[in-house]
Every structure is written in structure tokens, then in C-alpha cells.
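Have the structure open as you follow along.

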Amino acid sequence: MPWQIFLLCSFLCYIINAITLYWSLEQMDMTNKDEDDAIVGAVATSVLAFGVAINVAYNNQSSIPREPYTNKDQEREFYMNSILNGSDVHCIGQIRMSKHVFYELCNALRRNNLLCSTKNMSIQEQVLIFLEIVGFNERFRKIGSHFYRSIESIHRCFHTVLQAVLKLYPIIIKPSDGTIQPEIRNNYRYYPWFANCVGAIDGTHVLASVPIEQQSRFRGRKGTTTQNVLAAINFNLKFTYVLAGWEGSAHDSRILNDALERPHGFQIPQDKFYLGDAGYGLRKGFIPPYHGVRYHLQEYSDRPPQNEKELFNLRHASLRSSVEHAFAILKRRFRVIDNEPFWDFKTQVDVVLASCILHNHIIDLEPNDMIIQEVDVEPLVQPQNAQITQSSQGSQSYQTQRERREEARECH
């Protein structure tokens, strides 16, 4: 090492100087002229040795071998090809969506003039960078090492793609048109009693990073700072409305009021309704479960419903579980949703909205991909010994298990 050689030469210099001075002191019988010459010689020797040490260190420093040359463009292309030309399993593992869905996303951004290639970066590379960040909550520095880009380039690319994806909101997240959904029409447990139900609403808490002076407003029930996100979801697990950015301490009903009062906000089709939990209350367009009656699905696992209210709550919980299913898929797919954010709060809100947009895009093209299958959701408990049927007089009666078997046999 250069510094070790320099220290060694300096040490030798001082040894020579000490020996020279010692020799001068031993020759005390010298004349004054000889003594002066000896001192001058010792100083000259020290200076010469020091100069030699510097020269050796400099020569050694310049001879350090440089790092091997890396063709960054070639390495970048190789990394991108390993994702886009490999298997769908590998692609989903890297960017949280299959190759087909990825290219369709790039085409949508290009087709709507929301994103374009730059001199140094293609649309595909920009979207890949964005998806790796939101998929795994990766830091810009680490993503930069994958693509051989500077932190500034990654930062600029991330925000460019984020704003482009947000503009897809009215195209991909569409409100319900009021038609009866197949999940209800084709299921005798729900049709016709829930024929006018167009979806379910619920809120979820997402970790938030806010200044210290604002943390009290964002601190939720579990003690962490969160933003409360309201979402409406239909029964094929697609978001039909998303409102993000509310403080974690805000009540669900207050957030819903804000969504309904906003211009172009949450809209409910005429004579239709959404299912909500008790926190939203009973109001026009929203039906909560019965109070004081068993509601959660696991409560019916060992004891079937005993009356009409319990049976309604069971069907209500079974349908509304779709919103919990969608949130579980969203957080499993995009890890940025469920991890400590490192952006300003506005960007945190935008990232949640962008993740919901990407979720809908994936559901449209591949409604049963690998991540959806991996999500461990609560099973829908459906007791097989009770069912509402409509009698000729319009009253509700229970359908026995034997009657349902006979009905199923007749359908086949």
C-alpha cells in the first residue's frame, strides 16, 4: 500500500538522521568547521531521504491498477432482458406483473401521450424502474445500481412515471354503471336480494411519514402514523373509487362525507347501494349490517345463522369480504403500500393512488395471476344448512340442505 511504503521510507529517514547526529556528537574533538559540516550533512541527508520517500510513494500510487471497464449500456440491456425475456414467474417476481401486462401498460402510457422515450432512456426502462421501486419499496441508490443510472436520474424517472400513471385514473378506475354483477346474478345465495348492490366500501391504513408537529393527527389506533384510505370495490376486485390522504385518526364516516361532497367525487348509481361496515352508518346508498347481531364470518363457522338478521349479516359479510381481499392483494403486490415511506406526504398519497390504478390494470388483463393466488385471505364461510328463499306470498323462509341438493340436481 502507498501509505505503508511512505511510512517505511520516513522511518528510515529519521534513523539515518539520528545516526548522523550521534556520529557528530561523538566527534567532539573536531574543529568548529568540521562540526558545522557534519550538521549540514545530516540535514541534507534527512531532506534527501524524505524526498526519496515522497517519490517512492507517488510512483506506487500511480501504479495502482484501475477497475475493469464496464460497458454500462450493455449491462443495463442485459438486466432488462433478463426480466422481459425470461419467464412470467421471474417477471412477476421482479416487477409484480407479467410481461404481457407490462407491455400493455407501456402502450397505454404511450397511446395517451402520458410518457415518451428520452434521448437516454426508453419507456420500458422508465416503467421498469418505477415498478421495482413501488413493488419492493427500494431506495433510489439500489435501483440506480441495477440500471447503472445516477440517483438523480432514478429520482427524476420515478416522479415522471408516477405523474403519468396518475393520469390514467379516469381511464382505469371507473365508477359502477349500475348493472347487476355476475358474481351476484350467478350466485343463488345473493340473487335477487342483493341485485342492486354494486360493491363494497371500506378503509385501510397505510403507513405515513409526516413532520413531528403533524404526527398527532396521523396517529391511528395502533400508535403508528398512517393515512386513512377510503376505497370502493366491485365484486371482481377492481377499485371503482379511491380517496387517499386523510389522517389516520379520522373517522370513516367523516372521510365518506368528504368523498360524497367533493366535485366529481364518489357517486352511487340511482337506486343502487354499496355495502359498508357499521362505522359508515345507515344512509342513502349504503347498507351496514344489523347491530347487535353476529357479523364476522368466523363467528358462523361452528354455529349457522339462527334468524333472518343473522343470515343477512352472514351474506353481507361474505360479499363485503371482497374489499378486504382487494386490499390484501394490493399490499402483497406493491410492498411500498405496507412499509415506511421515504418521500414527502404528497408523494405518499400519489403512490397509493398509482398502486390502485396498476392493480386495476392487472385485474383487467390477468384476473388470476400468481400474486392473487398467493394471497392468504380469510375463507368465505358459507354454512350449508340455511338459505333465504322467496315464497309466493313474498315472505322469507329457510331452504334446507336437502332442498338445495334437489335444486342443484334439477339445474344440472
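Q: Before we start, what does contact mean here?
A: Contact means heavy atoms within 4.5 Å. Keep in mind that this is a predicted model.

Q: With that cut-off, which residues does tryptophan 246 touch, not counting residues up to four places away in sequence?
A: Tryptophan 246 touches Phe218, Thr226, Gln227, Asn228, Arg254, Ile255, Asp258 and Arg262. Tryptophan 246 itself is found in strand E3. As for phenylalanine 218, its C-alpha atom is separated from that of tryptophan 246 by 8.2 Å, with the two residues 28 apart along the chain.

Q: Why is tryptophan 246 called buried?
A: Buried means under 20% relative accessible area. Tryptophan 246 has a relative accessible area of 14%, so it is buried.

Q: Which residues are buried in helix H12?
A: In H12, residues 252–261, the buried ones are Ile255, Leu256, Asp258 and Ala259.

Q: How do you know on which side of H12 they lie?
A: They cover an arc of only 160° around the axis, so they are on the same side of H12.

Q: Which residues of H5 and H14 meet?
A: From H5 come His100, Val101, Glu104 and Leu105, which meet Leu358, His361, Ile362 and Leu365 of H14. By class, the residues of this contact divide into five nonpolar, two polar and one charged.

Q: Why are H7 and H8 called roughly perpendicular?
A: Helix H7 (residues 140–147) packs with helix H8 (residues 151–166) at an angle of about 105°, and their axes are 9 Å apart. Roughly perpendicular covers 65 to 115 degrees, and about 105° is in that range, so the term applies to H7 and H8. On the H7 side, Phe140, Arg141, Ile143 and Gly144 make the contact; on the H8 side, Ile151, Ile154, His155 and Phe158 do. The contact of H7 with H8 has five nonpolar, two polar and one charged residues.

Q: How do you know whether arginine 96 is buried or exposed?
A: Under 20% is buried and over 50% is exposed. Arginine 96 is at 7% relative accessibility, so it counts as buried. Arginine 96 is found in the loop between helix H4 (88–95) and H5, and has a positive phi of about 70° although it is not a glycine.

Q: And what makes asparagine 137 count as buried?
A: Its relative accessibility is 10%, which is under 20%, so asparagine 137 counts as buried. The loop between helix H6 (123–136) and H7 holds asparagine 137. Asparagine 137 is not a glycine, yet has a positive phi of about 55°.

Notes: Residues are numbered from 1 along each chain as its sequence is written. This is a predicted model: local features need pLDDT of at least 70, side-chain atom pairs count only at pLDDT 80 or more; totals for chains, interfaces and linings use all residues. Side-chain values use heavy atoms; hydrogens and water are left out. Buried means under 20% relative accessible area, exposed over 50%, partly exposed in between (1.4 Å probe, protein chains only). Helices (H or I, at least four residues) and strands (E, at least two) are DSSP runs, numbered from the N terminus. The arc is that of the directions from the helix axis to the C-beta atoms. Ala, Val, Leu, Ile, Met, Phe, Trp, Tyr, Cys and Pro count as nonpolar, Asp, Glu, Lys and Arg as charged, and the others, Gly among them, as polar. Axes are lines fitted to C-alpha atoms, for helices over the stretch in contact, and angles run from 0 to 180 degrees between N-to-C directions. Angles under 35 degrees count as roughly parallel, over 145 as roughly antiparallel, 65 to 115 as roughly perpendicular and the rest as oblique.
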